[in-house]
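Subject: The structure, plus what turned up in it

Hi,

Here is the structure I said I'd pass on. Have a look at it first, and then read on for my notes.

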2 protein chains.
Amino acid sequence: MRVYNFSAGPAVLPEEVLKKAASELLTYGNSGQSVMEMSHRSKEYEAVHNECIDLLREVMAIPANYKILFIQGGAHMQFEMVPLNLMQKGTADFVVTGQWAGKAFSEAKKYGEANLIASSKDKTFSYIPELDSSTFNKNADYFHICENNTIFGTKFWKLPETGSVPLVSDMSSCILSEPVDVSKYGLIYACAQKNMGPSGVTIVIIREDLIRDLSETKTPTMLQYKIYDDNNSLYNTPPTYSIYMCKLVLEWIKEKGGLSAMKTHNEKKAAILYDAIDSSKIFSNPVVKKDRSLMNVTFVTGNEELDKKFIAGAKAAGLVNLGGHRSVGGMRASIYNAMPAEGVQALVDFMKKFEENATLQ
Amino acid sequence: MRVYNFSAGPAVLPEEVLKKAASELLTYGNSGQSVMEMSHRSKEYEAVHNECIDLLREVMAIPANYKILFIQGGAHMQFEMVPLNLMQKGTADFVVTGQWAGKAFSEAKKYGEANLIASSKDKTFSYIPELDSSTFNKNADYFHICENNTIFGTKFWKLPETGSVPLVSDMSSCILSEPVDVSKYGLIYACAQKNMGPSGVTIVIIREDLIRDLSETKTPTMLQYKIYDDNNSLYNTPPTYSIYMCKLVLEWIKEKGGLSAMKTHNEKKAAILYDAIDSSKIFSNPVVKKDRSLMNVTFVTGNEELDKKFIAGAKAAGLVNLGGHRSVGGMRASIYNAMPAEGVQALVDFMKKFEENATLQ
């Protein structure tokens, strides 16, 4: 029996996708091979690779002047590749809204001048700071945000107005959850293991004028975007099976009605869960309402022992990975695209029952 | 129907392993989740991760003072991580026996003084150069070889005697094919997609005294071995499913009798194929006999058109990916652990039939 998996990533994948992957695991189409076994230089694999790129472009409506790259190393690798590739003048602006935004900021300091424009650390990252664009550096090479904060459950619902300075967004935990206007960004990156596929591949969507030739520098070759772009992400062997899984997930999204349908589905699920929290006497969500994430919903009872009891009880009821990030504790339900509404309903039902028992005692 | 897949990598995987992976794809054990969906911080995934490490240590008899790391980016990333991490004095020795050894050499030049000790480029990398250890640099930080050349089909059957200078070996295409004495190396690296699993993970086996603290340098964090070692390769999300597949392959190797059994199996298959080539009137192998690889067997007819006809005919007969590397042409049969003897026999039978027809015309 499958459980309802609320993990923040790697995370639940659509059951239909897993079934298709299982059915094709020994032989893909009439190739006589598993996708895992295919030479990355074969026509069979190249078709998978290019279908994944084309589907992502279609589903996200990515304009023609943006390139789609598959890179290994996770968002962490992007914390370094972004400054290494984009810091031409040597300066960039950052908003720190949580742990990952903070790491992107501190890694960038190694490579140039990283300016802190705003932070929500003063209130444990429970809100998105109001930004005053007159405080932004006009000369910055880019402006970096982490658009959805996976750990604290916040989301930028309004993008910073950076003018001609390229906006760089870590979309790891919100990519594909709703339609976005890609033309507002200079670069988008997202590790796959939340809303797109298994871990091992990271998607970079980059405006082509931002791709620089670094071949004469000491920048590691594998950390140069141009190497990936020049070779359609086939400079060396890419993580082929992870890319294939992303393709299956993108097919599933398209079949379900694309990103508008995902948005409706996600808003519905988030409403069920936030309503339950807001009307509860024991659970509360620490995030400022207007900044709440649709993907990662955090909640606490305010009593560590009770939190632990809740997490253990939920697990026994087939609702798993509800513990908050190891750095903050409490509870967190990650309700990505692949989490069915039934899963959220089951969680809410369990919360109500738990609350009844807790208040009776 | 499954074909016999002679791809150099990604390559054939044991059919039993693929069947097991398919059966567990929706639910692993009684976790109620696919391995792909498991949080990398969960007990369930950590068990998979540590079993893979323990199995590799057991199967390769890796001494306790060597660490096993999972890193993304392929052998190409190691071409840069090795000099970035090991070049302390700033100099290393290289033997260039093919394209990948050459790339490792040229990438290292970016980071320090890379000395070319010997090369077999003069005869299209068809042999392993005799080495005179008096020409080695006593002060080198390491001595680098590519132990098995995937493209040209050569193998170091005798390791260079580097004394106290750590030997670094790219074992991508020969790891797990036979027992090795790990204590002779300072560092071994191998991308998984030849003899170990799907692409997306690279194994690094490093003697612990070679792991340096680079936290105060500008070396990208994700390119520092110590970060992986300090965090049991869980600093950020590792390529969990690729690691799981490696675990299944290692279980299969152990069950089949370990690396001694693999060696016997591989020697038998290589003998069948080399004997067929050596006794053929139209096929020949360009490699000096004593330097022949057990894993990658190259052969040519000397006639490009005939080569193409052979490759197309073989494909139609269910023997796929027999084309040589795009840089050299001709034919190449990669016969890794997972290639059954029946596959090699089928290839040899096809070669004989092809030769009969070719000589009749």
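One definition before the helices: an axis here is a line fitted to C-alpha atoms, for helices over the stretch in contact, and angles run from 0 to 180 degrees between N-to-C directions. Also keep in mind that this is a predicted model.

**A helix pair in chain A**

With that definition in hand, take helix α6 (residues 240–255) of chain A and helix α7 (residues 258–278) of chain A: they pack at an angle of about 80°, and their axes are 7 Å apart. Angles of 65 to 115 degrees count as roughly perpendicular, so α6(A) is roughly perpendicular to α7(A). On the α6(A) side the contact is made by A:W252, A:I253 and A:K254, and on the α7(A) side by A:G258, A:L259 and A:M262. By class, these contact residues are 4 nonpolar, 1 polar and 1 charged.

**The sheet in chain A**

Chain A has an open sheet of 7 strands in the order β2-β10-β9-β8-β5-β3-β4, with mixed pairing. Its edges are β2 (66–71) and β4 (113–119) of chain A; each has a single partner strand, so one side of each is left without a neighbour in the sheet. From one strand to the next, the twist averages 20°.

Helix α2(A) lies across β2 and β10 of chain A and runs at about 130° to β2(A).

**The sheet in chain B**

Chain B has an open sheet of 7 strands, ordered β2-β10-β9-β8-β5-β3-β4, and the pairing is mixed. The edge strands are β2 (66–71) and β4 (113–119) of chain B, each pairing on one side only. Neighbouring strands are turned against each other by 20° on average, direction ignored.

For a parallel example, strand β3 (residues 91–96) of chain B pairs with β4(B) over 6 bridges. B:V96 has B:S119 as its bridge partner in β4(B).

Helix α2 (residues 43–59) of chain B lies across β2 and β10 (202–207) of chain B, at about 130° to β2(B). Helix α3 (residues 74–86) of chain B lies across β2, β5 (142–146), β8 (167–170), β9 (187–191) and β10 of chain B, and runs at about 160° to β9(B).

**Cavities**

Searching the whole structure gives 6 cavities of 30 Å³ or more. The largest cavity has a volume of about 70 Å³. Residues from both chains line the largest cavity, among them A:G73, B:F70, B:M222, B:Y228 and B:P239. Its lining has 7 nonpolar and 5 polar residues, and no charged ones.

Most residues other than glycine have a negative phi, and most peptide bonds are trans. Here are the exceptions I noted:

- A:G9 and A:P10 are joined by a cis peptide bond, with omega about -10°; A:P10 is in the loop between β1 (4–5) and α1 (15–23) of chain A.
- B:G9 and B:P10 are joined by a cis peptide bond, with omega about -10°; B:P10 is in the loop between β1 (4–5) and α1 (15–24) of chain B.
- A:L176 has a positive phi, near 70°, and is found in the loop between β8 (167–170) and β9 (187–191) of chain A.

Cheers

Methods
Residues numbered from 1 in each chain as written. Chains lettered and ligands numbered in written order. Predicted model: local features only at pLDDT ≥ 70, side-chain atom pairs only at ≥ 80, totals over all residues. Heavy atoms only, no water. Helix = DSSP H or I, 4+ residues; strand = E, 2+ residues; numbered from the N terminus. Parallel < 35°, antiparallel > 145°, perpendicular 65-115°, else oblique. Contact = heavy atoms within 4.5 Å. Nonpolar A, V, L, I, M, F, W, Y, C, P; charged D, E, K, R; others polar. Pairing = 2+ DSSP bridges. 1 Å grid on protein atoms, 1.4 Å probe; cavity = no way out; pocket = protein on both sides within 12 Å on 5 of 7 lines; lining within 4 Å. Points joined across faces, edges and corners; volume = space filled by probe spheres on them.
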